[in-house]
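Subject: Structure handover

Hi,

Here is the structure for you to look over.

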Amino acid sequence: MINLQNVVKRYPTRSGYHTVLSGVDATIYPGERFGILGRNGSGKSTLIRIISGQEDADSGIVDRKMRVSWPIAFSGAFQGSLTGYDNIKFIARIHGVNPASIKEMIEEFSELGSFLYEPVKIYSSGMRARLAFALSLAIEFDCYLIDEVLAVGDARFQERCQYELFEKRKDRAYILVSHNHDFIKECCQRVAVLDKGVLYHFDAVASAFEYYLKNVMRMS
C-alpha cells in the first residue's frame with residue numbers, strides 16, 4: 001500500500017512561493033490501477049516524483065509499503081559519461097539486482113545494439129527513453145509509476161511496452177498521471193483529478209471524467 005497524507009509542495013518564484021500540491025491525500029492498494037487526471041502544469045509530474053522518492057514534499061507523509069518504481073522511461077538519473085551498460089550495472093546494484101541477470105532482457109528489449117556500450121551522452125532522447133523503459137521492466141516492482149511516457153519509439157515498440165506493463169504485469173499496482181482522459185479511462189480502475197493543487201477523489205470513474213471535462217478542460 002502507498003499512503004499519502006496532507007502532502008504539500010511549493011516552489012519559489014520571483015513573486016513568492018507557488019503552491020503546486022496543497023494537502024494531497026491518497027491511498028493506493030496492491031494490484032490497483034489508479035489514474036490521476038490533470039491539465040499540463042497541474043502538478044502531476046511533481047506528485048509522481050514525490051511518490052517515487054526522487055523529490056521530497058515540503059510537508060506531509062508519504063508511506064510506501066510497496067516496492068515503487070521510478071517514473072517509467074525516466075532517464076534523468078543516467079550518467080552521461082558512462083555507457084548504457086555501466087549505467088545499468090550502477091542502478092541495478094542500488095536496487096539489489098545482479099546486473100548480469102537482466103543484461104540479456106535489456107539488450108533485447110531496448111534494441112540499442114552496440115550503442116548499449118557507448119556513452120549515454122551520445123544517445124538521442126528516444127534511445128535514452130528506450131534504455132530507461134527496458135531497465136524499468138527488468139527490475140521488478142510492486143507498483144509502477146507512469147507519467148505520460150508510453151509514446152516511446154515507433155508504434156511497434158509502444159505495443160511491446162503496453163504488453164509488458166499491462167498484460168505481463170497485470171497483477172501489479174499502477175499510478176498513471178495524464179491529461180489524456182481516454183488513456184486513463186482505458187487503463188484505470190479508479191480515477192482522481194488534480195486541480196489547483198487539490199486531489200479530488202470520486203466514487204465512480206464516470207464522475208471523475210465528468211468533473212474533469214466540465215471544470216478543468218473547460219477552464220484550460
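This is a predicted model: local features need pLDDT of at least 70, side-chain atom pairs count only at pLDDT 80 or more; totals for chains, interfaces and linings use all residues.

Start with the open sheet. Six strands make it up, in the order β5-β6-β7-β3-β8-β9, and the pairing is mixed. β5 and β9 (198-201) are the edge strands, each pairing on one side only. Direction ignored, neighbouring strands are turned by 20° against each other on average. Helix α7 (residues 205-217) packs on this sheet and touches β3 (33-37), β8 (190-195) and β9. The direction of α7 makes about 20° with that of β8.

Two parallel pairings can be picked out. β6 (residues 143-147) and β7 (residues 173-178) pair in the parallel sense over five bridges. Within that pairing, Ile-146 has Leu-176 in β7 as its bridge partner. β3 and β8 also run parallel, joined by four bridges. There, Leu-37 has Val-193 in β8 as its bridge partner.

β8 and β9 form a hairpin with two residues between them. In the turn, Lys-196 has a positive phi of about 55°.

**Helix α1**

α1 covers residues 44-52 and is mostly covered: seven of the nine residues are buried. The buried set is Lys-44, Thr-46, Leu-47, Ile-48, Ile-50, Ile-51 and Ser-52. Note that Lys-44 is in it. Just after the helix, Gly-53 takes a positive phi of about 95°.

Why does Thr-46 count as buried? Its relative accessible area is 8%, and buried means under 20%. Thr-46 is found in α1. Not counting residues up to four places away in sequence, Thr-46 touches Lys-9, Tyr-11, Val-20 and Leu-21.

**Ile-88 in helix α2**

Ile-88 is found in α2. Ile-88 counts as buried because its relative accessibility is 1%. Which residues is Ile-88 in contact with, leaving aside its neighbours within four places in sequence? They are Ile-102, Ile-106, Leu-116, Leu-131 and Leu-135. Pro-99 is 11 residues from Ile-88 in sequence, and the two C-alpha atoms are 6.8 Å apart in space.

**The largest pocket**

Last, the pocket. The largest one has a volume of about 290 Å³. Its lining has 15 residues. Gln-54, Trp-70, Ala-77, Ile-91 and His-95 lie nearest the centre of the pocket.

Which elements each supply at least two residues of this lining? They are β5 (68-71), α2 (84-94) and α4 (125-138). So the edge strand β5 and the helix that holds Ile-88 come up again here.

Best wishes

Notes. Residues are numbered from 1 along each chain as its sequence is written. Side-chain values use heavy atoms; hydrogens and water are left out. On a 1 Å grid over the protein atoms alone, a cavity is a set of points where a 1.4 Å probe fits but cannot get out, and a pocket is an open set with protein on both sides within 12 Å along at least five of seven lines; lining residues have an atom within 4 Å of a point. Grid points are joined across faces, edges and corners, and a volume is the space filled by probe spheres set on the points. Buried means under 20% relative accessible area, exposed over 50%, partly exposed in between (1.4 Å probe, protein chains only). Contact means heavy atoms within 4.5 Å. Two strands pair if DSSP finds at least two bridges between them. Axes are lines fitted to C-alpha atoms, for helices over the stretch in contact, and angles run from 0 to 180 degrees between N-to-C directions.
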